[in-house]
Structures are given as C-alpha cells and as structure tokens.
Amino acid sequence: MNPSPIVNFGVIGANPQLRAHFVFNNFPRDKAALLAVCDRDPVMRKRFQETYPEFSNVRIYSDYRDLVQDPDLQAVFIVVRDSFHEEIAVAALEAGKAVYLEKPMAITIEGCDRILETAFRTGAKLMVGHNMRYMDFVLKMKEIIDSGIIGEIQCVWCRHFVGYGSCYFRHWCAERENCTGLLLQKGAHDIDIIHWLAGGYTQRVTAMGRLSVYNRTGNRLQPGELPDRKISFTPEAWPPLELKGLNPHIDVEDHSMLLMQLDNGVQASYEQCMYAPDSERNYTFIGTRGRIENVGDYNGKCEIHVWTQRGSRQEPDIVYHVKSRTGTHGGSDPQILNSFFDFLREGTPPSVSPVAARNAVAAGFLGHYSMRNGNVPATVPPLRPELIQYFENGQASY
Ligand SMILES: NC(=O)c1ccc[n+]([C@@H]2O[C@H](COP(=O)([O-])OP(=O)(O)OC[C@H]3O[C@@H](n4cnc5c(N)ncnc54)[C@H](O)[C@@H]3O)[C@@H](O)[C@H]2O)c1
C-alpha cells in the first residue's frame, strides 16, 4: 500500500504570538507541510518571517481570498477572530479546501449552518478546533462515565473560574460584534464537553449574565495601542477593579450563568466568572449510581474523584491522578493536529463533528439571547436530517 500523501496546508492568521503558534510549532512534519500563510496585518506577516526562519520558503498572502485559491494547498487553517470564521470558512470550502476552523465555529447559529451547508454541498472536509476533547482529564471523565459506574447521567454542572479573564477584556473579545459574548466564545468548549460526556445536545436554555466589574476599570487602551494580553496571566493582574489597559469599549458580560435541557433529558448548568482569582474548569456529572468531579484540570495537578456510595464529599470512593502532559493546552494541541491530518489522510473522523461544534455555539448564542432579553427561555432550531447524517457519518458520501 502506498503511504498517505503529505498534506500541503496554509494558515490564515499568522501572528506567532497568538493562537496560530500552536499550528506552526506542533504540526506533524511527517504528515503535513506548511506552504502558505496569510495575515492582513503587515507587522504580523513580518513577525511570522522573523520568528520562523525555517519557513522562509512559505508563500505569504495579505488577503485570505488569494490564499484559499492557491491550487497547491489541500487544507487551510482559519485562526482569526471569531467574527471572520463564517466568511473565511465558506470561501475556503467553496474553493474545495479542507478546513480546520478554530472554535467557536461561528458567532451565530445561522453562521454555523451556512458553513455546514457549504461543507455538505462541496464535500470539502471540515473540522472545528475543540481541543478540550483531547485533554486527558476530559478523556478520563468520559471513560469513567462510559463504564457505567455512576449510572445514567442526569445532572451536570460546570463552574468555570477564569483567573486570566481580564485578557479577554483587553482585545477583540471585549466587543459583542466580534464574538457575540464570552458565554459563547469560551463556553463553547465546556458546552461541547457537557454534550459529549452527557450524550445529548442542548434543546432549551435560559440564562442570566452581567457586566459589572471590568466596565468600572480606568486607564483604557488608547487608539492604536496594542493590548498586553500576557499580563493577564501574571500575579500582577489583580485586583480586577484596578486593572489598566483594557479595551476602550466593553459590552460583553463578565459573569454569566446558563441552564440547559438536553434532548436526552439531562439537565446542565454552566457558570463562568471572568474575574476569579484562580483558574479551573470544574465539572461534576451526577448519575443514578454516583458522581464524578475533577479537582484541577489541564493546568497542572488534576484528580478525578468518583463517589459510588453514600459518604462525605471529602472521601470519594476512587481517586484518579491525571498526569500532566507536555504541549500547549494540556498537550491537546499536538493531539488535535494529528487528528486533523489523520482525518484527511486516512479518513479517520475526529471525535468532534461539526454538528457538535454547531450545537455548542447554539446553546451559547441562545444563552446570550436569553440573558439580554429578560432571561426568556430559548429553543435550539433543529438541523436538516441530511446534514446531521452526513456529518455524524464522518463526512463520507452516503
Ligand atoms: N482552541 C483554543 O484553545 C483557542 C485558544 C485561543 C484562541 N482560540 C481561537 O483562535 C482564533 C484566533 O484568536 P486570536 O486571538 O489569535 O485572533 P486575532 O484576530 O487577534 O488574530 C490572529 C491573527 O489573525 C490576523 N487576522 C485577523 N483577521 C484577519 C483576516 N480577516 N484576514 C487575515 N488575517 C486576519 C490578525 O492580524 C492576527 O495576526 C479565535 O477564533 C479564538 O477563538 C482558540
């Protein structure tokens, strides 16, 4: 049998200090070759060239429309702010390129559905970058739930403490027009994990959220001044009301709470606080025979506690120690890249389907709608059955 060919790919959004670095640093050299990058900002194009002399032969584009038409590319990574995902993904799929699209898939449900329809019609492969699906603590929790030891899942809670949350109020995420809001922007990860582990998709939501802390900060960024994102990850970024250098305009919530009813009867909640002093994604899944909870996540030490009998919270029946892996985002970034290229080369579908990515956006989007409209309940619009079948079948023709 011939070995699978190397996949030639391009990256849209080339800033090596931002998200795209995960591709440049981690893509599997035995499966893929970087042939082109695009950035609309000349400073970022130059920064890419200076940072990666090993990619000196890579073609440089300033307009994504030119990159997606490059006949030598089989695949395109879209690693730009969320409000451009729909437009660029549709253009790349129309050009017949396989697409790796960063999460969240888009900033509206209609945007997601347009991407899905385009991928379905063109047959170009699509994967959305839900790297949390490759995190060891998530995989361990899934394995425990799937073993049946805690019975049938009925109830899920996720508390998301975002100790570095001020970062999102320094840049484009601070504005609704770029991301809809952070319940969708960050929460899409967690909503997807809730769906995956609980075995269903959200049908109905209601939510509350407020902006009550970062809107009260002073000394904002001046026009043209670049945000210092890194400072939000240091101990100096405290206390929240004294932070400087945030985005001049902020209109997204800094804490929010989403209630979800899933199509399999499970009920779930997701709470996000962007000014917490510490950081953790803390999930608990409660079934008819027990409960699991992660203590710690992909950032450092993590344990999974399992209760299978009555007893105190301090004395779980089983404790799993999840070892930390090297690589960004708990080692999930190198894993997800391998998964994308295996999908293209071998046809192995990744665990996250574009339908799952769309349904995570749907719950987050409607959560924002609910919290901005008197907490009204909202129902996720269904997808066409043909689309569901196509994507759940691993995007093979049927
Ligand atoms: N999966 C994860 O763990 C994870 C982590 C961080 C960010 N992200 C996602 O990665 C994406 C990128 O985030 P970011 O903060 O790096 O984005 P960003 O928009 O700040 O910038 C990325 C680069 O893209 C360029 N760019 C922006 N719009 C462009 C356009 N229309 N055409 C060409 N170039 C353009 C910018 O100049 C910049 O160099 C977002 O969708 C974000 O949600 C995912």
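**Exercise 1. Decide whether arginine 291 in this predicted model is buried, partly exposed or exposed, and describe its surroundings.**

Step 1. Count the neighbours. Arginine 291 has 18 C-beta neighbours inside 10 Å.

Step 2. Apply the cut-offs. A residue is buried if 20 or more other C-beta atoms lie within 10 Å of its own, and exposed if 12 or fewer do. Because its count is 18, arginine 291 is classed as partly exposed.

Step 3. Arginine 291 belongs to strand β12, which spans residues 290-295.

Step 4. List the contacts. Leaving out residues up to four places away in sequence, arginine 291 touches Ile150, Thr284, Phe285, Ile286 and Trp307.

Step 5. Compare a separation in sequence with one in space. Between arginine 291 and valine 352 there are 61 residues in sequence and 25 Å in space, taken from C-alpha to C-alpha.

**Exercise 2. Give the strand order of the 9-stranded sheet and say which helices lie on it.**

Step 1. Read the order. The 9 strands run β14-β13-β12-β11-β7-β10-β9-β8-β15 in an open sheet with mixed pairing.

Step 2. Find the edges. Strands β14 (318-322) and β15 (378-379) each pair on one side only, and are the edge strands.

Step 3. Examine one pair. Strands β9 (residues 255-262) and β10 (residues 267-273) are antiparallel and share 7 bridges. Within this pair, methionine 257 has glutamate 271 of β10 as its bridge partner.

Step 4. Helix α9 lies across β7, β8 (202-210), β9, β10 and β11, at about 155 degrees to β10.

**Exercise 3. Describe how α9 packs against α11.**

Step 1. Two packed helices are described by the angle and the distance between their axes.

Step 2. Take the values. The axes of α9 (residues 187-198) and α11 (residues 354-371) come within 8 Å and cross at roughly 115 degrees. The crossing is right-handed.

Step 3. Name the residues. From α9, Gly187, Ala188, Ile191, Asp192, His195 and Trp196 take part; they meet Ala356, Ala357, Asn359, Ala360, Val361, Ala363 and Gly364 of α11.

Step 4. Sort them. The contact holds 8 nonpolar, 4 polar and 1 charged residues.

**Exercise 4. Locate β1 in its sheet and explain why it counts as largely enclosed.**

Step 1. Read the order. An open sheet of 6 strands runs β3-β2-β1-β4-β5-β6 with parallel pairing. Neighbouring strands are turned by 25 degrees against each other on average, direction ignored.

Step 2. Follow the pairing with β2. Strand β1 (residues 7-12) runs parallel to β2 (residues 32-38) and is joined to it by 6 bridges. Asparagine 8 is partnered with alanine 33 of β2, and valine 11 with valine 37.

Step 3. Of the 6 residues of β1, 5 are buried, so the strand is largely enclosed by the rest of the structure.

**Exercise 5. Characterise the shell around the ligand.**

Step 1. Identify the residues. The ligand has 23 residues around it, and those that come nearest are Gly13, Asn15, Leu18, Met44 and Arg81.

Step 2. Sort the shell. It divides into 10 nonpolar, 5 polar and 8 charged residues.

Notes:
Residues numbered from 1 in each chain as written. Predicted model: local features only at pLDDT ≥ 70, side-chain atom pairs only at ≥ 80, totals over all residues. Near = placed C-beta within 6 Å. Nonpolar A, V, L, I, M, F, W, Y, C, P; charged D, E, K, R; others polar. Pairing = 2+ DSSP bridges. Helix = DSSP H or I, 4+ residues; strand = E, 2+ residues; numbered from the N terminus. Axes fitted to C-alpha atoms, helices over the stretch in contact; angles between N-to-C directions. Left-handed = near helix turned anticlockwise from the far one by under 90°. Contact = placed C-beta atoms within 7 Å.
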